[in-house]
Amino acid sequence: MCGRVYIKTSLEELVRNFAFAERGAIDALGNRFPLYNGAPTLDYPIIIRDMVREPDIMGPIFASARWGLMPAWMKPGGRPPPINARCEGIGTNGLFRSAYRSRRCLVPINGFFEWKDIFGTGKNKQPYAIAMADGSPFALAGIWETRRDNDIEIRSFAIITCEPNEMMAQIHDRMPVILHREDYERWLSPEPDPNDLMKPFPAELMTMWPIGRKVGSPKNDTADIIDPIDPDPEPTLI
C-alpha cells in the first residue's frame with residue numbers, strides 16, 4: 001500500500017515543476033508545504049483534467065483534494081474511505097470503476113514512505129523513504145471523486161498500487177503506480193482503460209534509504225524525518 005508521502009518544496013515550486021498544468025484553485029493549500037509526513041485525510045494538490053478556459057476547453061489543472069476516496073453514494077461514518085486502489089480489477093470494482101474510467105489524476109510528490117516487517121510478525125518495522133534517484137519530483141497515478149457536504153463540494157482521491165519492482169520487493173509486496181512524464185497526458189485523457197500504464201516503475205530510476213521511526217506519527221512533520229539512519233541489524237537465521 002501507500003499510506004504516507006512527503007513534499008519537500010513550497011507549493012509554488014511544486015506547481016512550477018508541473019508547469020504543463022494550469023494553477024487552479026489551490027491557494028488555500030499554500031501554507032501547508034513543505035509537508036514532510038503527509039498522511040491520509042489531509043488535503044493535497046492533485047492534477048486533474050477539467051475545464052481550464054471557456055468555452056469548454058479541457059486540460060490539466062491543479063485542484064485541491066482530500067486523501068481518502070469518498071464517492072457521492074458512500075455514506076459518511078461508515079468504513080474509512082480507501083486511500084489506495086489496487087490496479088488489479090480496478091476497472092470492474094464497483095468502488096473504483098467509475099472514477100478509473102473518467103476521473104483519473106496525478107498526485108505530485110517528492111517521495112513516499114514504506115515499512116519493512118523485519119521479523120515477519122508486524123511488531124518491528126523499519127521505515128524507509130523512497131524517491132527518484134535523481135531527486136526530481138514525480139507523480140503517482142490516482143483516481144478522484146466529488147461529493148457535496150452542506151452545499152460544499154469536496155474532492156477526494158485514492159492512490160493506485162501495483163506489484164513491487166525489484167527494489168521495493170525488498171521491503172514490501174506493493175508499491176504505488178508511478179507514471180513516466182511522457183504518460184501524464186494519456187493518464188489524464190478520456191481514454192477509458194489505460195491499464196498498461198499501471199505497472200512497476202523501473203527500479204534503477206529509484207532509490208530508498210532507512211529513516212527514523214518518528215515518521216510513524218503524522219504529528220511529527222520536520223525536515224529531519226527523511227534523514228537517513230543506520231538501521232537496526234536484521235536477525236540472522238541459523
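In what follows, Ala, Val, Leu, Ile, Met, Phe, Trp, Tyr, Cys and Pro count as nonpolar, Asp, Glu, Lys and Arg as charged, and the others, Gly among them, as polar. The structure is a predicted model, in which local features need pLDDT of at least 70 and side-chain atom pairs count only at pLDDT 80 or more, while totals for chains, interfaces and linings use all residues. Residues are numbered from 1 along each chain as its sequence is written, and side-chain values use heavy atoms, with hydrogens and water left out.

The protein chain contains three helices and 13 strands; helices (H or I, at least four residues) and strands (E, at least two) are DSSP runs, numbered from the N terminus. Along its principal axes the C-alpha trace spans about 70 × 40 × 35 Å. The radius of gyration, taken over C-alpha atoms, is compared with a globule rule of 2.2 Å times the number of residues to the power 0.38. For 238 residues a compact globule would have a value near 18 Å, and the protein chain agrees because its own value is 18 Å.

Five strands form an open sheet in the order S2-S1-S7-S8-S13, with antiparallel pairing; two strands pair if DSSP finds at least two bridges between them. Strand S2 (35–38) and strand S13 (206–210) are the edge strands, each pairing on one side only. On average, neighbouring strands of this sheet are turned by 25° against each other, direction ignored. For such angles, axes are lines fitted to C-alpha atoms, for helices over the stretch in contact, and angles run from 0 to 180 degrees between N-to-C directions. Within the sheet, strand S1 (residues 5–7) is joined by two bridges to the antiparallel strand S7 (residues 111–117), and valine 5 stands opposite phenylalanine 112.

Glycine 3 lies in the segment before S1. Its contacts (heavy atoms within 4.5 Å) are Gly38, Ala39, Pro40, Trp67 and Ile83, not counting residues up to four places away in sequence. The C-alpha atoms of glycine 3 and asparagine 84 are separated by 7.9 Å, although the two residues are 81 apart along the chain.

Two backbone features occur in loops. A cis peptide bond, with omega about 5°, joins phenylalanine 33 and proline 34; proline 34 is in the loop between helix H1 (11–17) and S2. Threonine 41, in the loop between S2 and strand S3 (43–53), has a positive phi of about 80° although it is not a glycine.

S3 and S4 run antiparallel and are joined by 10 bridges, with proline 45 as the bridge partner of serine 64 in S4. S4 and S10 run parallel and share two bridges; here arginine 66 is partnered by serine 156 in S10.

Pockets were located on a 1 Å grid over the protein atoms alone: a pocket is an open set of points where a 1.4 Å probe fits, with protein on both sides within 12 Å along at least five of seven lines, and lining residues have an atom within 4 Å of a point. Grid points are joined across faces, edges and corners, and a volume is the space filled by probe spheres set on the points.

The largest pocket has a volume of about 250 Å³. Of its 15 lining residues, Arg66, Gly68, Met70, Pro81 and Ile154 lie nearest its centre. The lining comprises seven nonpolar, three polar and five charged residues.
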